[in-house]
Each structure stands twice: as structure tokens, then as C-alpha cells.
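Reader: I have a structure open here and have not looked at it before. Can you walk me through it?

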Amino acid sequence: AYLEDSIGWQRLTWRPGVNLSYNDLNKNMDYAWRNTLFFDLFGDGASILSAGANRYYGKSLLSHALAGERAAYTTWKRSKNLEGDNTPEDWVEKLRTSSRETRLADLKTPKVDEWSVALEQELFGGRLNLCYIDRNSEDSLALDVLSKDENGYIYSEWSNIGNSRHKEVTLAWERQWQQHYLLVDGTWQRSFSTNEDYADNFELEDFEEMVWYQDHLKFKTDLPRGDYNRKWSANLIYRVTLDHGLSFTNITRYRSGYEGIADTGENHILDDGSKADIYADKNYSSATTFDWKLEWERALTDTQVLTVTVDLYNVFNRKLYTGIEGEYQMGRQLWVGMAYQF
């Protein structure tokens, strides 16, 4: 349930709200407040200063209920004999789990508290928007290993130990005139998170896997995030309306380079003779991609409209790294669609 009001007084406008939600998985009743204040600096709508403070609750909880019902499985691994003729060594049981491997404790619903300040200003026939956002996530879910019995079964439990921080500054300008629309924006952001995502620890063998990183032996789950913080980004959107019901849109996206963590493919020999994969920092370059959209619209009658769209994503098939070794974002994609309104 959501309730919102708008209260105006002279050049001030206050928009309070509250969101009520019930999470029947953990039996939580969550109240999330919303508050935004607008101030028209000169009373003519040309310059508006705003500030907001809001709370949001996460709703991605079904995956945790499903994880608790997952069937038992056993993981076996074997390596090559690198000191001999590279023949495979014997299979070794690495991990055994049971259907009772995860348990939902008395959990809080993950929440995000956010506050922001912004300035909207008419400029050069368009609208300039400068915005700062500070977002803190609390009670994020993470998986804790509780115990391991004599049969090798691992028992684990979800807890609210995860958290994240995010700050960003965005400057955007948009203008629409005659048959053209233009939007240009740039963002600086800094982020930190203890979790990759809500499901990042489902593979429990990661809790036992040790890797060599920065001259130390670490659990793989303790490595910093591999692909998270891209400090700078920018977008340019241009749309033009052509004759005969045609329109064309170009979206250019820029993402700055970043530093990730990757498996080097080499091994470090430990004191007991066992091997650990070597992970190291790796610099990834910036990326600029183009998306194009061509749309044709035809009015068949006063109440019936036919629309055909052709979307081409990542036009030049740019290879985009995700920060996870061997994984990439989608390459070029072609989508064709048709809509009939009546």
C-alpha cells in the first residue's frame, strides 16, 4: 500500500509519502517513508531546488526460499599431473551438501536509505539538471557457514551482515525542438559492497576454495569485488523524427576503465605441496558502445496505429568485459518488433 500527498505553500512544495509492505517469507511488516521538498527559487519555474530522503525495501527474497529446498549434491574435482606427463590425477571429493544446507533465520528485510539534492535550471532553451545522491544499503543478505559434520555436510544460514555504500553526482542537459530531441549526461560515482548480489554465495564450494592473492592465501569469497566501480560514465541520446512516419534514435554510452581481479591461470605451490590458483589485479579499458533504433508508425484509422521497430544494440559488436574471467556482456543484438494499437 502506498499513500502520498502534495502540500504547497508559496514557493515551497512538500511531497510526503509512506509505503507499507508485508514480507510473508520472514513475516516482516515494513514501513518505508518518502519525502521530497521543492523550492522555486524565483517563482517562475525556471530554477527549482529539491531535496529528498527516502527508504526502499528489497523484494528479491524468493531465491533464498528456493535455495533452502535445493536437493543434495556432491562435488568432485581432479587436476593434471603438471610435474609428469599432464595425465589427469585421481578424482577427489571436494564438497558434499545436504538438502538442509541453508536455513532462513529471523531476518530483516534488506533496505536502502537514500538522500539527494538537485537543481533544475532552464538553460539554452533546454533543461539542466545537477543531482547528488547518497545511498546506503543495510541488512543485505549473506550466507554464513555454521558447521561441517563428519560426513562432510555443510550447514549454513542466511544473515543480515551485508551492506553497501553508493555516491554519485550527475549532470544532465536535455532539449527538444521541432523534430529533434537531445540528451547529454555525465556521472561520477563511487561504490562499495560486501556482496556481489543476493545470490553470490549459492555455490558453497567457494567457502572452501583458497586462492593466492597479493602474496597471501585467502578464501575466494574474501576477494574484493571484481567488477563494480566504474568511476565515470556518460550518455548521449539523439532522436530525430523523419518523414513518412519514420524516426531514428542513437544512444551512445561511455564507461570508464576499471581495475578487476582475474585468475592468471598459474598456480602457487603451498608448503604442504598443494596448489592454489593465483589471482591478480587486472586493468580493463574503457568502453564506448552505440545503440540504434529505427521506428516506423502508420495510422490505419482514427483509432488504429501500426508501429514497427528495429533495435540494434552494441552496433559495432564491441567486446565488453565483465571483470569475471571468460565472461563478457552481450555482443551485437538485433531485435525486430511490431505493435498494433486499436
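Reader: Which residues are linked with Glu120 in a network of salt bridges?
Author: Glu122 and Arg127 are linked with Glu120 in that network. Keep in mind that this is a predicted model.

Reader: How many salt bridges does a search of the whole structure find?
Author: The search finds ten salt bridges. One of them is between Arg55 and Asp113, with the closest N and O atoms 2.6 Å apart.

Reader: Where do Arg55 and Asp113 lie?
Author: Arg55 is in strand 5 (residues 47–57) and Asp113 is in strand 8 (residues 111–123), so their pairing ties together parts that are 58 residues apart in sequence.

Reader: Is Arg55 buried or exposed?
Author: Arg55 counts as buried, because its relative accessibility is 17% and the cut-off for buried is under 20%. Asp113 is partly exposed, at 22%.

Reader: What does Glu4 form a salt bridge with?
Author: Glu4 forms a salt bridge with Arg15, and the closest N and O atoms are 3.9 Å apart. Glu4 sits in strand 1 (residues 2–4) and Arg15 in strand 3, eleven residues apart, and the pair links distant parts of the chain. Glu4 is partly exposed at 43% relative accessible area, and Arg15 is partly exposed at 34%.

Reader: And Lys293, what is its salt bridge partner?
Author: The partner of Lys293 is Glu295, with 3.9 Å between the closest N and O atoms. Lys293 is partly exposed, with a relative accessible area of 30%, while Glu295 counts as buried at 18%.

Reader: What share of the contacts with a separation of 6 or more comes from residues 24 or more positions apart?
Author: That share is 54%.

Reader: How many bridges join strand 12 to strand 13?
Author: Four bridges join them, and the two strands run antiparallel. Met210, for example, has Phe219 in strand 13 as its bridge partner.

Reader: What about strand 18, how does it pair with strand 15?
Author: Strand 18 (residues 287–299) and strand 15 pair in the antiparallel sense over ten bridges. Ile251 has Asp291 in strand 18 as its bridge partner. A hairpin of five residues joins strand 18 to strand 19.

Reader: Changing topic: which residues form the nonpolar patch on the surface?
Author: The patch is formed by Leu3, Val18, Leu20, Tyr22, Met29 and Tyr31, which together have about 610 Å² of accessible area. Strand 3 (12–23) and strand 4 (28–40) are the elements that give two or more residues to the patch. The largest share, three residues, comes from strand 3.

Reader: Is Tyr31 buried or exposed?
Author: Tyr31 is exposed, with a relative accessible area of 52%, and Tyr31 lies in strand 4.

Reader: Which loop holds His244?
Author: His244 lies in the loop between strand 14 (232–241) and strand 15 (246–255). The phi of His244 is positive, about 60 degrees, although His244 is not a glycine. His244 is exposed, at 72% relative accessible area.

Reader: And what is the phi of Asn317?
Author: Asn317 has a positive phi too, about 55 degrees, and is not a glycine. Asn317 is in the loop between strand 19 (305–313) and strand 20 (333–341) and counts as partly exposed at 40% relative accessibility.

Reader: Last one: what does Asn160 touch?
Author: Leaving out residues up to four places away in sequence, Asn160 touches Leu107, Lys108, Asp139, Ser140 and Leu141. Asn160 lies in strand 10 (residues 153–177). From Asn160 to Asp106 the C-alpha to C-alpha distance is 9.4 Å, and the two are 54 residues apart in sequence.

Notes:
Residues are numbered from 1 along each chain as its sequence is written. This is a predicted model: local features need pLDDT of at least 70, side-chain atom pairs count only at pLDDT 80 or more; totals for chains, interfaces and linings use all residues. Side-chain values use heavy atoms; hydrogens and water are left out. Contact means heavy atoms within 4.5 Å. Two strands pair if DSSP finds at least two bridges between them. Patches are made of residues with over 30% relative accessible area and no salt bridge: like charges are joined within 9 Å, nonpolar side chains (Val, Leu, Ile, Met, Phe, Trp, Tyr) within 5 Å. Accessible areas come from the Shrake-Rupley method with a 1.4 Å probe; for residues, only the protein chains shown count as cover. A salt bridge is a side-chain nitrogen of Lys or Arg within 4 Å of a carboxyl oxygen of Asp or Glu. Buried means under 20% relative accessible area, exposed over 50%, partly exposed in between (1.4 Å probe, protein chains only).
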